[in-house]
Amino acid sequence: MTREDFTTRWRSRRDELARLGAHVDGVKFCDEVLADFEAVVTFEDEALLSLEDAAARSGYSSRHLRRLHDRGDLRARRDGRRLFFRAGDLPKKPTVVDAWPVRAYDPSADARRVATRPD
């Protein structure tokens, strides 16, 4: 099931329930939505991506992904010389967040720091 299938199905279900004025069992309803959502995730994870597409999705360079494959750290399917990766197997490059925010130079603070520094 694709994302579009999921959205279309649940929008039509919502419209049908609203039209009928239906009251539903929340647990059963949530179970059905979650089952469909898991189908979407599985479908997306099973998608095969070329090396270039895999690099774009993961954030790593194609050279790095090829190196991971050559070391045996990342599975891929070969079609001739081309590599295809399962989307669910791709590593995600972590986003780096600076622990210390970069501040603009403050000459007054710098002067105070120099003045209070022990000799």
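Me: In the hairpin of E2 and E3, which residue takes a positive phi?
Reply: Happy to start there, keeping in mind that this is a predicted model. Strands E2 (residues 77-79) and E3 run antiparallel and are joined by 3 bridges. The hairpin leaves 2 residues between these strands, and the one with a positive phi near 70° is Gly80.

Me: Is Ser58 buried or exposed?
Reply: Good one to check by number. Ser58 belongs to helix H3, which covers residues 51-58. Leaving aside residues up to four places away in sequence, Ser58 touches Leu65, Leu90, Pro91, Lys92 and Lys93. Its relative accessible area is 4%, and buried means under 20%, so Ser58 counts as buried.

Me: How many residues apart in sequence are Arg3 and Glu44?
Reply: These two side chains meet in a salt bridge, at 2.4 Å from N to O. Arg3 sits in helix H1 (residues 3-20) and Glu44 in helix H2 (residues 26-45), so the pair ties together parts whose separation in residues is 41.

Me: What is the relative accessible area of Asp36, the salt-bridge partner of Arg9?
Reply: The side chains of Arg9 and Asp36 meet at 2.6 Å, N to O. This pair links distant parts of the chain, with Arg9 in helix H1 and Asp36 in helix H2, 27 residues apart. Arg9 counts as partly exposed at 30% relative accessibility, whereas Asp36 is buried, with a relative accessible area of 10%.

Me: Where does Asp89, the partner of Arg75, lie?
Reply: Arg75 and Asp89 form a salt bridge whose closest N and O atoms are 3.7 Å apart. Arg75 is in the loop between helix H4 (62-71) and E2, while Asp89, 14 residues away, is in the loop between E3 and helix H5 (107-115).

Me: How many salt bridges does the structure hold?
Reply: Some of them share partners, joining Arg9, Arg13, Glu32 and Asp36 into one network. For the structure, the count of salt bridges is 10.

Methods: Residues are numbered from 1 along each chain as its sequence is written. This is a predicted model: local features need pLDDT of at least 70, side-chain atom pairs count only at pLDDT 80 or more; totals for chains, interfaces and linings use all residues. Side-chain values use heavy atoms; hydrogens and water are left out. Helices (H or I, at least four residues) and strands (E, at least two) are DSSP runs, numbered from the N terminus. Buried means under 20% relative accessible area, exposed over 50%, partly exposed in between (1.4 Å probe, protein chains only). Contact means heavy atoms within 4.5 Å. Two strands pair if DSSP finds at least two bridges between them. A salt bridge is a side-chain nitrogen of Lys or Arg within 4 Å of a carboxyl oxygen of Asp or Glu.
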